[in-house]
Amino acid sequence: MLGICRGRRKFLAASLTILFVPAITWIYLFAGSFEDGKPVSLSPLESQPHSPRYTASSQRERESLEVRVREVEEENRVLRKQLSLAQSRGPHRGNHSRTYSMEEGTGDSESLRAGIVAGNSSECGQQPVVEKCETIHVAIVCAGYNASRDVVTLVKSVLFHRRNPLHFHLIADAIAKQILATLFQTWMVPAVRIDFYDADELKSEVSWIPNKHYSGIYGLMKLVLTKTLPSNLERVIVLDTDITFATDIAELWAVFHKFKGQQVLGLVENQSDWYLGNLWKNHRPWPALGRGYNTGVILLLLDKLRKMKWEQMWRLTAERELMSMLSTSLADQDIFNAVIKQNPFLVYQLPCFWNVQLSDHTRSEQCYRDVSDLKVIHWNSPKKLRVKNKHVEFFRNLYLTFLEYDGNLLRRELFGCPSEADVNSENLQKQLSELDEDDLCYEFRRERFTVHRTHLYFLHYEYEPASDNTDVTLVAQLSMDRLQMLEAICKHWEGPISLALYLSDAEAQQFLRYAQGSEVLMSRHNVGYHIVYKEGQFYPVNLLRNVAMKHISTPYMFLSDIDFLPMYGLYEYLRKSVIQLDLANTKKALIVPAFETLRYRLSFPKSKAELLSMLDMGTLFTFRYHVWTKGHAPTNFAKWRTATTPYRVEWEADFEPYVVVRKDCPEYDRRFVGFGWNKVAHIMELDAQEYEFTVLPNAYMIHMPHAPSFDITKFRSNKQYRICLKTLKEEFQQDMSRHYGFAALKYLTAENNS
């Protein structure tokens with residue numbers, strides 16, 4: 001509506017100018033000539049002097065008039081061009097306008113009330129413009145595991161619509177920083193910069209304020225942004241983590257141009273009756289101007305706020321109000337409103353569609369008439385997606401769209417805008433450029449360098465390793481089709497677990513719902529779930545293992561696979577074995593013998609004696625006895641049957657046991673993807689580094705049956721797959737020989753039986 005109004009105004013003004021300026025000009029010329037008693041000649045032939053009466057003075061006067069005529073004609077030409085452009089573009093609507101149009105905000109509460117009642121209708125006004133490559137600064141306070149997930153959805157919605165470089169300023173605790181730093185580093189989105197500020201260092205600035213809000217102490221930290229953010233940063237958009245954008249954030253950034261006088265805060269009026277104090281009997285809210293303002297979306301003019309001594313202003317106000325209110329109910333929002341109550345001139349009131357609040361008792365339905373009116377959705381109820389609202393299904397679907405949207409698709413360039421040099425991105429491009437795209441194994445080689453977006457600790461994690469330095473973490477990786485194994489493993493292994501899950505964005509949300517609906521998984525806080533997002537055509541099995549290995553907090557780790565169930569009590573048995581075999585001071589790899597069953601329902605053996613009985617009856621087998629004997633034959637199962645003490649075995653070709661090692665052991669080689677040689681190569685490197693392989697006599701694990709993976713199917717059916725795997729294997733053996741010298745020559749003769 002606003003775009004149409006402006007278009008008509010421009011069209012009318014330009015038309016009138018084109019019509020009247022020439023007329024006025026010629027009247028001026030006629031009038032000037034008539035004053036001299038001479039007619040004005042319209043013929044160029046008559047512009048030359050023809051009589052002695054022609055003088056130098058009249059020559060200069062005529063030349064001056066001709067110059068003015070040419071100037072007017074040039075102005076008309078420019079106006080015609082502008083008018084033709086306006087007509088060719090047509091009226092712009094909604095979020096797709098090249099120059100961003102906003103409704104006029106106001107600092108007057110009565111005007112705002114009228115604006116809310118009228119929905120999104122507005123007067124025609126001048127359109128502020130955001131330069132194409134102007135960087136937009138966004139500040140977000142984020143703490144903990146759940147808030148880190150929320151930030152990702154918010155950022156996705158911003159990236160989806162954005163056309164400008166972005167600079168995110170994240171005030172984060174140690175947990176959120178670890179998660180988000182890894183996420184953005186592996187996301188590698190062009191024209192996006194991330195800076196972190198230690199939220200824990202800011203606690204002392206606001207810890208003196210009692211706060212009843214569920215956001216806790218972090219809900220007060222927006223008050224200290226003038227002090228926290230760089231002193232040369234003049235303006236910033238501040239967002240809550242439960243925000244979803246439905247338009248380009250540049251439109252909101254453009255609103256800064258509308259601030260006048262002493263306006264330093266851009267806020268939307270609160271859309272509930274909270275600050276009116278009539279929600280329930282004896283409800284006593286903090287002081288506010290009218291309905292007050294919601295601080296889920298804030299425009300801060302930092303430079304002016306600093307000059308106004310904002311720190312002193314809000315502190316004095318908070319101290320005074322706390323004498324009677326005792327604590328805040330809505331965290332920073334209460335204090336912002338108390339300051340505004342005393343200083344209403346500070347506020348530029350944003351149209352309510354910039355913060356459509358889906359809280360309890362909300363009046364947000366009056367902020368929009370159509371889907372195109374929506375700009376920002378704010379899930380500011382503790383109920384979040386379960387909040388009651390007339391159009392909540394629409395809002396929920398919009399939120400879920402970004403929640404499950406493939407974040408890899410947001411790695412798009414902003415053409416015409418130079419990006420800051422990113423070392424990781426440059427190194428990646430250099431590595432890829434050195435590959436031969438005509439190589440039949442190009443896709444295998446490329447996968448080794450692919451950077452997969454990684455979200456660490458997707459669910460809450462809380463674990464302190466045992467103080468005796470014997471603690472062991474079970475390490476494994478999985479995809480969506482092995483999700484059903486999680487509960488069983490948690491029942492068999494009570495110690496800490498580190499899992500890397502290879503999922504799409506949509507699958508990650510399915511996993512989240514599955515985990516939150518499982519009493520077994522929700523009762524365990526010592527399981528670290530690390531999401532590695534899908535990209536490419538191969539299953540990056542060794543990358544997943546490396547991610548899970550890297551994020552353990554114990555001195556030892558048990559390198560397992562997701563389709564194995566450890567024996568009951570294995571966790572405590574391994575902790576004792578670590579001490580017994582002095583793993584802290586020796587390079588040992590403790591082997592847990594592997595068995596398998598072909599039955600989907602198995603009465604799991606509770607002891608070694610029971611397992612041996614099941615072996616004799618044919619209920620259990622040594623692992624891969626039928627198809628890949630060499631993988632575990634060196635374990636020497638015949639000896640294990642009667643062994644009562646640990647015994648040493650030697651490395652042999654294609655040996656791939658499951659082992660317990662110190663956390664400083666070498667990583668898995670990333671060149672091996674999908675099926676084949678991924679564990680074999682790792683065990684070979686352990687042997688090259690002179691690890692001693694020791695079999696534990698009273699430990700065991702059992703492989704549970706499942707359908708063949710997609711990768712093993714490709715290996716069996718695709719000849720080129722097998723050729724490439726053989727090539728990679730030979731190259732790995734050559735690399736081992738070069739790296740470890742004479743001691744590694746034996747690997748060159750290893751048989752190729754993968």
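The exercises below work through parts of a predicted model, each with a stepwise solution.

Residues are numbered from 1 along each chain as its sequence is written. Because the model is predicted, local features need pLDDT of at least 70 and side-chain atom pairs count only at pLDDT 80 or more, while totals for chains, interfaces and linings use all residues, and side-chain values use heavy atoms, with hydrogens and water left out.

**Exercise 1.** Determine whether valine 138 is buried or exposed, and list its contacts.

Solution. Begin with the location: valine 138 belongs to strand β1, residues 136-142, where strands are DSSP runs of E with at least two residues and helices are runs of H or I with at least four, both numbered from the N terminus. Next, take its relative accessibility of 1%, which means that valine 138 counts as buried (under 20% relative accessible area; exposed is over 50%, partly exposed in between, with a 1.4 Å probe and protein chains only). Finally, with neighbours within four places in sequence set aside, valine 138 is in contact (heavy atoms within 4.5 Å) with His167, Phe168, His169, Val236, Ile237, Leu239 and Ile249.

**Exercise 2.** Decide how far helix α11 is enclosed, and by which elements.

Solution. Count first: nine of the 11 residues of α11 (residues 332-342) are buried, so the helix is largely enclosed by the rest of the structure. The buried residues include Asp332, Asp334, Phe336 and Ile340.

**Exercise 3.** Describe how α22 and α24 pack.

Solution. Start from the geometry: α22 (residues 678-688) and α24 pack at an angle of about 15°, with axes 11 Å apart (axes are lines fitted to C-alpha atoms, for helices over the stretch in contact, with angles from 0 to 180 degrees between N-to-C directions). α22 is therefore roughly parallel to α24, a label for angles under 35 degrees. Then assign the residues: Ala681, Met684, Glu685 and Ala688 of α22 meet Phe732, Gln733, Met736 and Tyr740 of α24.

Notes: Parallel < 35°, antiparallel > 145°, perpendicular 65-115°, else oblique.
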